[in-house]
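Here is a short briefing on a structure. Look it over before reading the points below.

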Amino acid sequence: TPGIPHDGLEFFLTSTIGIASCPMDATEADHLLQNSQSAEASARQQCKNRYGLFSADLNEQAFKRLQIERDLRKALQNDEFELHYQPKVNIVENRICGAEALIRWNHPEHGLMSPDQFIPMAEELGLIVEIGTWVLEQACTEAVQWSEAGITDCTVAVNIATPHFAESRLLDDVQQTLTRTGLRPGMLTIELTESMMMDDTEETFAMLEQLRTLGIRIALDDFGTGFSSLAYLKRMRLNELKVDRSFIGGIPDDTDSSAIVRAVLAMSRSLGFEVVAEGVETEEQLDFLREFDCDVYQGFLCSQPIPAANFFNLLRREYVPRGLEVNEVDAD
Ligand code: C2E
Ligand code: MG
Ligand code: MG
């Protein structure tokens, strides 16, 4: 369709139509209109410029979504979020060297919900920065308990959402949280994604530099799924590169995945950052990673993400202080 020229620019109109019919979908005007709106909203979600037909199923979905939206706004106040921790394991030393904090929502009706079920919604509703601030505070508070128990080199990693990174507030948030909780900056890793590096590069790099000045660690999450530029990888001066689990899932049998993982390991070694393999589920995968000198792995092979108290117990049971042999610890 041709655009509409105006003031030297060209404008394009699209329309999305929702259809509900009487008497099948409703018999009262209000109800009919409401149902056509549901159909329109659902069509728009799939892609604009199309029409959608109403179905009873749709209403139920829309209703559930509305309910979840409403509940999400109150979840922080009601203290319904919790963090689960997934161990990160140093491959050479075969010891836990850190944990990634992963948020869960303990919904009063739907039970424990995974982040994929509510993080995108929290971003849409503008709640993500508040939630991110809570995660940061909670993770640092819990990590301080580990070091107070004598486990002084287990880092904690927190996922940062794009809107949080885009707001200059992140720097203040991190700084204030470290001061308030007393966590050593080197014990905190923030996980960023490739898409955050895409725009406004000068500002982005300035922000990264300031974060680094605080002494915290920076990781690039889900590496390989976004648009990667080798130029920014070098400039980011990362501490960790986390290879996405879609590649790890393919090793050792899939030749393409194996070649990619080996190339990433070789590149990271020369650029000087640690590689974390995500989603390791089998011994074969771990053998491959060990053979090609991968530093750290994370995955169900060691443990699923578990509640804070369980992780703390695991840590106390499995933890071997750096430089001590297992039997020396036993002799204690
Ligand atoms: P992510 O940061 O890449 O986290 C790793 C995800 O992979 C986790 O899913 C973890 O449970 C899963 N995983 C770990 N090992 C394995 C494995 O061996 N096999 C398989 N199949 N999966 C494995 P989870 O907890 O559902 O989190 C999903 C995503 O939600 C995270 O991906 C992260 O992007 C986001 N997320 C989690 N917590 C937060 C948070 O506090 N804030 C923000 N902004 N995002 C978060
Ligand atoms: Mg992550
Ligand atoms: Mg990841």
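Donors are N, O and S atoms within 2.8 Å of the metal, and water is not among the atoms, so sites may look incomplete. With that in mind, Asp221 bridges two ions, the magnesium ion (ligand 2) and the magnesium ion (ligand 3). These two ions lie 3.9 Å apart. The model is predicted.

**Metal site**
- Four residues coordinate the magnesium ion (ligand 2): Glu100 (OE), Asn159 (OD1), Glu191 (OE) and Asp221 (OD).
- The donor residues of the magnesium ion (ligand 2) follow the sequence spacing E-x58-N-x31-E-x29-D.
- Glu191 sits in strand 9 (residues 188-193), and Asp221 in strand 10 (residues 217-223). The pair is 30 residues apart and links distant parts of the chain.
- Glu191 and Asp221 are both buried.

**Largest pocket**
- The largest pocket has a volume of about 1100 Å³.
- Its lining counts 39 residues. Nearest the centre of the largest pocket lie Glu100, Leu102, Pro115, Asp116 and Asn159.
- Strand 6 (95-107) gives the most to this lining, with 5 residues.
- At least two lining residues each come from elements including helix 3 (119-124), helix 4 (128-148), helix 5 (162-166), strand 9 and strand 10.

**Nonpolar surface patch**
- Ile4, Leu9, Phe11 and Leu13 make a nonpolar surface patch of about 440 Å².
- Leu13 is found in the loop between strand 2 (9-11) and strand 3 (17-19).
- Leu13 is exposed, because its relative accessible area is 70% and exposed means over 50%.

How values were computed. Residues numbered from 1 in each chain as written. Chains lettered and ligands numbered in written order. Predicted model: local features only at pLDDT ≥ 70, side-chain atom pairs only at ≥ 80, totals over all residues. Heavy atoms only, no water. Donors = N, O, S within 2.8 Å, 3.2 Å for Na, K, Ca; no water. Helix = DSSP H or I, 4+ residues; strand = E, 2+ residues; numbered from the N terminus. Buried < 20%, exposed > 50% of the residue type's maximum accessible area, 1.4 Å probe, protein only. Patch = residues over 30% accessible without salt bridge, like charges linked within 9 Å, V, L, I, M, F, W, Y side chains within 5 Å. Areas by Shrake-Rupley, 256 points an atom, 1.4 Å probe, with all protein chains shown as cover. Salt bridge = Lys/Arg side-chain N within 4 Å of Asp/Glu carboxyl O. 1 Å grid on protein atoms, 1.4 Å probe; cavity = no way out; pocket = protein on both sides within 12 Å on 5 of 7 lines; lining within 4 Å. Points joined across faces, edges and corners; volume = space filled by probe spheres on them.
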